[in-house]
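Good morning. Please have the sequence and the model open while I talk.

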Amino acid sequence: MKRFLLAVITVGLISSCSSGDQQVVDQSKKAKGDVYYGGVFRMNEVENFRSLFPLSIGDVVSHRIANQVYEGLVSFSQNDLTIQPRLAEKWEVSEDAMTYTFALRKGVKFQDDECFEGGKGREVTAGDFKYCFDRLCEANSINQGFFVFKDRVKGADEFYESTVNGNPLEGGVSGVSVVDDNTLRIELKRPFASFLYMLGTAFTYVYPKEAFDKYGLEMRVNCVGTGAFMIKELREDETIILAKNNNYWGKDSYGNQLPYLDALKFVFIKDKKAELLEFKKGNLDMVYQLPSEMIDEVIMDLDQLDTNLTKDFKQYSLQIVPSLTLHYFGFLHTNEVFDNHLVRQAFNYAIDRRKIVDFTLQGEGVAAVYGVVPPAFVNYSAESIKGFEYDPDRARKLMADAGYSNGKGFPEMILQLNSGGTRNIQIAEVIQKMLTDNLNISVKLNVMPMAQHYANVESGKSLFWRAGWVADYPDPESFLNLFYSAHLPDDDTEKTYLNNVRYRSDVFDSLLVLALKTIDRDQRYELYKKADQQLIDDAVIMPLFYDENIRLLQ
């Protein structure tokens, strides 16, 4: 029924939203191109955000909120993920592909805020990007984005080291320079084919120095950007309302001022069934990542109301598209148990991913039987990577080879999960039983709030945990980069945002570095695939499934 629905629904752009059970369009607010102004678009998140400060955005909830408030030089097309201009109106790349010169849009202003004199936002200049990019390269506990410029931008590594020593180099990052108020130049150490993709990430959003001077760490919730919406109300774990930025620079192709909507409203309902009930009442305009059985429930309700399918299906719009997302369980490689690749391989062969997708997920997603890079990437041919298929006999032999015959002597394992929705727990319970049945080991579940969960993972305090990764930019490197040893601190007890499994491999590193130097896409992708296969051969993680984006809209 879910797949049939796609054939009879036409999904269009949202131009207005209801305030009750039915869509109501105010004809007086009609603009050129048959678009309408007004309305509040209401959606739910099952987890609270961690931080809305650009350098600290490390989860999808924070990103979905913050990217309505902040902008960078470039952004991704919502049609095909190609790079498009944002605050940079245009740019030039030198013949050696190592110098990028960006011409900024004139007249773009920061949102009004108390951090400015008189509370009025000032115009954005190249100096603002210089300030933010220097901060991107500072050694600071709130900075999770240094990897964007690390080993790529001239002077980035040197400036980072100088901040570690407490003596920042004068002039900041030497490879980032202000030509004039409207022109910014970035010089690379070597050609890097995906550099513009990196500039589309949240870590490169621009914000004013005045805001950081006033709010400091409280920029986690005090946002000052250039985006179409600005924070009007924020109640932690309850409600966030983003109001229309009346001074926004953007216009549509007809010359209409953007945005169309008056506001966006995020609520934080933890239970998906309760979320669906609010949607059916008309109190939410969209539900995201809705389990397929709940979608079927909606369809069954419609069938009972009316046998006219065409009329029924006009009530809701369903969107299902492949996602650049991997769900997996992580192993701490510095732990004496998971330091053994035979144990990691045994865990991988002991679980039936196809059964998990077919029965636990009700067909939602794709079993991760290839590499760590999802098959949604065009021209990557992820299917050529030989991943893990269910083989309990092989799993038991590997455990015996590792010294744990029939599970004897293997310590009780704690599988750490973040709270939020029931899907993660259901999957964990199935895997818990598979590991116990096939390897004769004990696995207990420990569910905790998302912030605490990630803090434990990044600090190396978790041995075995649930995780997921959504591509920061549309290149396979966004996934492979998770396991690059250059991201690891010298001290294994120090915090690391990337490579929190703490994997080290000279073979993998050399393949990835070579790929990043390769301009030709086909050659680069072949190197990516070799690196991907190396990760699987080393059983660096336990890949579970590649996700799909499922959205149900009024």
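This is a predicted model: local features need pLDDT of at least 70, side-chain atom pairs count only at pLDDT 80 or more; totals for chains, interfaces and linings use all residues.

Start with helix H16, residues 506–516, and helix H17, residues 521–537. How do their axes lie? They come within 9 Å and cross at roughly 165°. An angle over 145 degrees counts as roughly antiparallel, and H16 and H17 are therefore roughly antiparallel to each other. The crossing of H16 past H17 is left-handed. Which residues meet there? From H16 there are Val507, Phe508, Leu511, Leu512, Leu514, Ala515 and Leu516. Facing them, H17 supplies Arg524, Leu527, Tyr528, Lys530, Ala531, Gln534 and Leu535. Sorted by class, this contact holds 11 nonpolar residues, one polar and two charged.

The second pair is helix H10, residues 341–349, with helix H12, residues 392–401. Here the axes come within 8 Å, and the crossing angle is roughly 160°. H10 and H12 are therefore also roughly antiparallel to each other. H10 passes H12 in a left-handed crossing. On the H10 side, the contact involves Leu342, Val343, Gln345, Ala346 and Tyr349. On the H12 side, the residues are Pro392, Arg394, Ala395, Leu398, Met399 and Asp401. By class, that gives eight nonpolar, one polar and two charged residues.

Now the loop that runs between strand S15, residues 366–367, and H12. Two of its residues are on my list.

One is tyrosine 370, which sits in this loop. What does tyrosine 370 touch, leaving out residues up to four places away in sequence? The contacts are Ala382, Glu383, Ile385, Gly387, Ile536 and Tyr546.

Leucine 258 and proline 259 are joined by a cis peptide bond, with omega at about 0°. Proline 259 is placed between strand S11, residues 239–244, and strand S12, residues 263–267.

What is the make-up of the lining of the second largest pocket by class? It divides into 10 nonpolar, seven polar and seven charged residues.

That is the end of my list.

Definitions and conventions
Residues are numbered from 1 along each chain as its sequence is written. Side-chain values use heavy atoms; hydrogens and water are left out. Ala, Val, Leu, Ile, Met, Phe, Trp, Tyr, Cys and Pro count as nonpolar, Asp, Glu, Lys and Arg as charged, and the others, Gly among them, as polar. Axes are lines fitted to C-alpha atoms, for helices over the stretch in contact, and angles run from 0 to 180 degrees between N-to-C directions. Helices (H or I, at least four residues) and strands (E, at least two) are DSSP runs, numbered from the N terminus. Angles under 35 degrees count as roughly parallel, over 145 as roughly antiparallel, 65 to 115 as roughly perpendicular and the rest as oblique. A crossing is left-handed if the near helix is turned anticlockwise from the far one by less than a right angle, and right-handed if clockwise. Contact means heavy atoms within 4.5 Å.
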